[in-house]
Amino acid sequence: MDFYKRMELVCERIPAGRAASYGQIALLCGKPGNARQVGYALRRGRAGESIPAYRIVNAKGLLSGAEAFDTPETQKRLLESEGVRVQKTDAGWRVDLREYGWVNSIEEAEELYRIFQERGI
């Protein structure tokens, strides 16, 4: 399995105006529990440059990708440019995943699995 190629395909599907969690991406890649590997790949640019990394947040909706951007405000600004409301909390900037979270369908997950099989990744 090429986790990073899978990750690129999954992340490219996150719609504008939505956010996904690191864990959700790992699950869709067939590696539940590997949320940290998703974060690592994004920080190191291992999954391709076409990924909208700013749409990926932690499980609580907190923006945690500041390392991957020029400034901590960049991820916030990019999300807001797509209509995602980002609120300041005691823990940091947060997206309400109930409102803005990407809810992928079972059909989308099955389609990704088929693509992974066809491409041998």
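The expected span of a helix is 1.5 Å times one less than its number of residues. Keep that in mind for my opening example. One caution as well: this is a predicted model.

Let's start with helix H6. It covers residues 106–119, which is 14 residues. At 1.5 Å a residue, H6 should span 20 Å. Its end C-alpha atoms are 20 Å apart, so the two values agree.

Now, which residues of H6 are buried? They are Leu 112, Ile 115 and Phe 116. Look down the axis of H6. The buried residues fall within an arc of 100 degrees, so they line one face of the helix. On the other side of H6, the exposed residues are Ile 106, Glu 107, Tyr 113 and Glu 118.

What do the buried residues of H6 pack against? Two helices: H1, residues 3–11, and H2, residues 22–28. Then H6 stops. Just after it comes Gly 120, with a positive phi of about 65 degrees.

Next, the core. In soluble globular proteins, nonpolar side chains tend to be buried together. Here, the largest nonpolar core has 34 residues. Met 7, Ile 25 and Val 95 touch the most other members. At least two residues of this core come from each of H1, H2, H3, S2 and H6. H1 gives the most, with 5 residues.

Buried or partly exposed? Its relative accessibility is 26%, so Arg 94 counts as partly exposed. A polar atom of its side chain lies 3.0 Å from the backbone oxygen of Lys 60. Beyond four places in sequence, Arg 94 also touches Gly 61, Leu 62, Arg 85 and Gln 87, among others. Ala 20 is 74 residues from Arg 94 along the chain, and their C-alpha atoms are separated by 12 Å.

Last stop: Arg 55. This one is in the loop between helix H3, residues 35–44, and strand S2, residues 56–57. Its relative accessibility is 10%, and buried means under 20%, so Arg 55 counts as buried. Which side chain does it meet in a polar contact? That of Glu 82, at 2.6 Å. Setting aside neighbours within four places, the contacts of Arg 55 include Ile 14, Pro 15, Arg 18, Ala 20 and Leu 79.

That's the tour.

Technical notes: Residues numbered from 1 in each chain as written. Predicted model: local features only at pLDDT ≥ 70, side-chain atom pairs only at ≥ 80, totals over all residues. Heavy atoms only, no water. Helix = DSSP H or I, 4+ residues; strand = E, 2+ residues; numbered from the N terminus. Buried < 20%, exposed > 50% of the residue type's maximum accessible area, 1.4 Å probe, protein only. Arc of directions from axis to C-beta. Contact = heavy atoms within 4.5 Å. Polar contact = N/O pair within 3.5 Å; in protein donor to acceptor, adjacent residues only side chain to side chain. Core = buried A, V, L, I, M, F, W, Y, C linked by side-chain atoms within 4.5 Å.
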